[in-house]
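Please read the following account alongside the sequence and the coordinates.

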Amino acid sequence: MTAWDAPADTNAPVQLGDCFRCDRGGVQVIRVGELVGPYGETPLYACRCCVERLVAMGHHTQETPVRPYVGASTW
Ligand SMILES: [Zn+2]
């Protein structure tokens with residue numbers, strides 16, 4: 001198995017683990033974010049295919065946003 005080169009805009013190390021999106025286990029993943037709740041956070045790891053899909057979704061939403069970004073309320 002060859003090491004996966006993670007996207008250049010991330011410094012996340014590639015490791016073996018489970019993908020939160022497609023549920024495959026024992027694959028190369030990188031940390032893509034976390035779920036934050038009142039009692040802590042859960043790291044999210046995604047495989048190469050899912051990272052590519054998420055990056056494409058991100059590019060698509062920047063090009064054709066469904067709704068404008070709404071900032072957090074200050075009140
Ligand atoms: Zn996946």
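A46 is in contact with C19, F20, R21, V29, I30, V32, V51 and L54, leaving aside its neighbours within four places in sequence; two residues count as in contact if their C-beta atoms, placed from the backbone, lie within 7 Å. This is a predicted model, in which local features need pLDDT of at least 70 and side-chain atom pairs count only at pLDDT 80 or more, while totals for chains, interfaces and linings use all residues. Residues are numbered from 1 along each chain as its sequence is written.

A46 also belongs to the largest nonpolar core, whose eight residues are C19, V29, I30, V32, Y45, A46, C47 and V51. A nonpolar core here is a set of buried Ala, Val, Leu, Ile, Met, Phe, Trp, Tyr and Cys residues joined through C-beta atoms within 7 Å. A residue is buried if 20 or more other C-beta atoms lie within 10 Å of its own, exposed if 12 or fewer, and partly exposed in between, with C-beta atoms placed from the backbone. The elements that give two or more residues to this core are β2 and β3. Over the chain, buried residues make up 11% of the 75 residues.

The chain has one helix and three strands, and from the N terminus on its elements run β-β-β-α. Helices (H or I, at least four residues) and strands (E, at least two) are DSSP runs, numbered from the N terminus.

Two strands pair if DSSP finds at least two bridges between them. β1 and β2 (residues 27-37) pair in the antiparallel sense over three bridges; in β2, V27 is the bridge partner of G17. β2 and β3 pair, also in the antiparallel sense, over eight bridges. One of the residues in that pairing is I30, whose bridge partner in β3 is A46, and V36 stands opposite E41 in β3. A hairpin through two residues joins β2 to β3.

α1 has 16 residues and reaches 23 Å from its first C-alpha to its last, close to the 22 Å expected at 1.5 Å a residue; the expected span is 1.5 Å times one less than the number of residues. Is this helix covered or hardly covered? α1 is hardly covered, with a count of one buried residue among its 16 residues.

A12 is found in the segment before β1 and is partly exposed, with 16 other C-beta atoms within 10 Å. A12 and R31 are 19 residues apart in sequence and 6.2 Å apart in space, C-alpha to C-alpha. D23 has its place in the loop between β1 and β2. D23 has a positive phi of about 65 degrees although it is not a glycine, and D23 is exposed, with 8 other C-beta atoms within 10 Å.

Confidence remains to be considered. The chain averages a pLDDT of 84, and 72% of the residues score at least 70; pLDDT is the predictor's confidence in each residue, from 0 to 100. In the chain, confidence is highest in β1, at 97, and lowest in α1, at a mean of 89. Where pLDDT is low, the predicted coordinates should not be read in detail.
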